[in-house]
Amino acid sequence: MIFFASDVHLSSDTPAITARFLGFLECARREAAAVYLLGDIFEAWVGDEDLKRRAYQPVFKALRELTEAGVAVYFMAGNRDFLVSDQALAKLGVHPLPDPYVLSLPNWQFVLTHGDLYCTDDVAYQRYRAMVHDPKIQTKFLNYPYWVRRIIARWLRWKSEGRRYNAETLAMTDVSEATVEDEARRFGYATIIHGHTHRPATHDLIVDGIHVERWVLADWSSERGEYLAWDEHAEAEDARLTRHTI
Ligand SMILES: [Mn+2]
């Protein structure tokens, strides 16, 4: 089995989500050969000093144990945790993934993406995204003291939450259908899996007369976590990819 999850938003404020995520990793250890973490696993990451945060230690330990047990774990950055470095991931035995990433399996093809790249109607966000992914700006940010970075990150989160739930920006912060169609074409009509929008659903699109699936992962809460599981041995083709709660 292959597991996919995103938008866990681990933070020291939500121990119940951490416990749920540890349960997910335990389940992965029993059932999965690979786990794809598709962004915003951490609510914030302001530099690799966050590797020392006490609230995250059980998660790091569980990830290390999982990878040592032979389960391949892949990490794609989201818009909250894009500063997790490859060195930090290496310490956990986790492999970094580019966004988007094409996952080619013997009998199926996926495009994995966090999802924010598809929100092209939100021009202000895309401008912000390009800025914070600029290596020069990242270096400048990482040169600030850790506590200053924490405050800046908190301010940015507060600003983005305000936008997400504002009625005017609600439609704009979803993916652009035109962009999704372009991406479906670019990647040979593969099945798209992404998170980010916190609007879980399975969309069936017809692009150029071809059926394309777009699976949107849910964000996690204290009451509910979600992941997708790919079972290549499932008999029926439409039973191979399934949605699970934990
Ligand atoms: Mn996101």
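This is a predicted model: local features need pLDDT of at least 70, side-chain atom pairs count only at pLDDT 80 or more; totals for chains, interfaces and linings use all residues.

Colleague: What is the phi of D208?

Modeller: The general idea comes first: most residues other than glycine have a negative phi, and most peptide bonds are trans. D208 is not a glycine, yet its phi is positive, at about 55 degrees.

Colleague: Which phi does Y189 have, and where is Y189 found?

Modeller: Y189 also is not a glycine and has a positive phi, here of about 65 degrees. It sits in the loop between helix 8 (177–186) and strand 7. With a relative accessibility of 25%, Y189 counts as partly exposed.

Colleague: I would now turn to the peptide bonds. Is the bond from D99 to P100 cis or trans?

Modeller: That bond is cis, and its omega is near 0 degrees. P100 belongs to the loop between strand 4 (95–97) and strand 5 (101–105).

Colleague: How exposed is E181, and how far apart in space are E181 and V212?

Modeller: E181 lies in helix 8 and is partly exposed, with a relative accessible area of 30%. E181 and V212 are separated by 31 residues in sequence, while their C-alpha atoms are 9.0 Å apart.

Colleague: Let us consider the metal site. Which protein atoms are the donors of the manganese ion?

Modeller: To read such a site, one lists the N, O and S atoms within 2.8 Å of the metal. Here they come from D40 (OD), N79 (OD1), H114 (NE2) and H196 (ND1), at 2.0 to 2.3 Å from the manganese ion. Along the chain, these donors follow the spacing D-x38-N-x34-H-x81-H. Distant parts of the chain are linked by the pair D40 and H196, which are 156 residues apart. D40 is in the loop between strand 2 (34–38) and helix 2 (57–68), and H196 in the loop between strand 7 (191–194) and strand 8 (201–207).

Colleague: Why do D40 and H196 count as buried?

Modeller: The cut-off used earlier applies again: buried means under 20% relative accessible area. D40 counts as buried because its relative accessibility is 0%. H196 is buried because its relative accessible area is 7%.

Colleague: Finally, how many helices and strands does the chain have?

Modeller: The chain has eight helices and 11 strands. Its radius of gyration is 18 Å, close to the 18 Å that the globule rule gives for 246 residues, so the chain is as compact as a globular protein of that length. Of its 246 residues, 47% count as buried. Among contacts with a separation of 6 or more, 65% join residues 24 or more positions apart.

Terms used. Residues are numbered from 1 along each chain as its sequence is written. Side-chain values use heavy atoms; hydrogens and water are left out. Donors are N, O and S atoms within 2.8 Å of the metal (3.2 Å for Na, K and Ca); water is not among the atoms, so sites may look incomplete. Helices (H or I, at least four residues) and strands (E, at least two) are DSSP runs, numbered from the N terminus. Buried means under 20% relative accessible area, exposed over 50%, partly exposed in between (1.4 Å probe, protein chains only). The radius of gyration is taken over C-alpha atoms; the globule rule is 2.2 Å times the number of residues to the power 0.38. Contact means heavy atoms within 4.5 Å.
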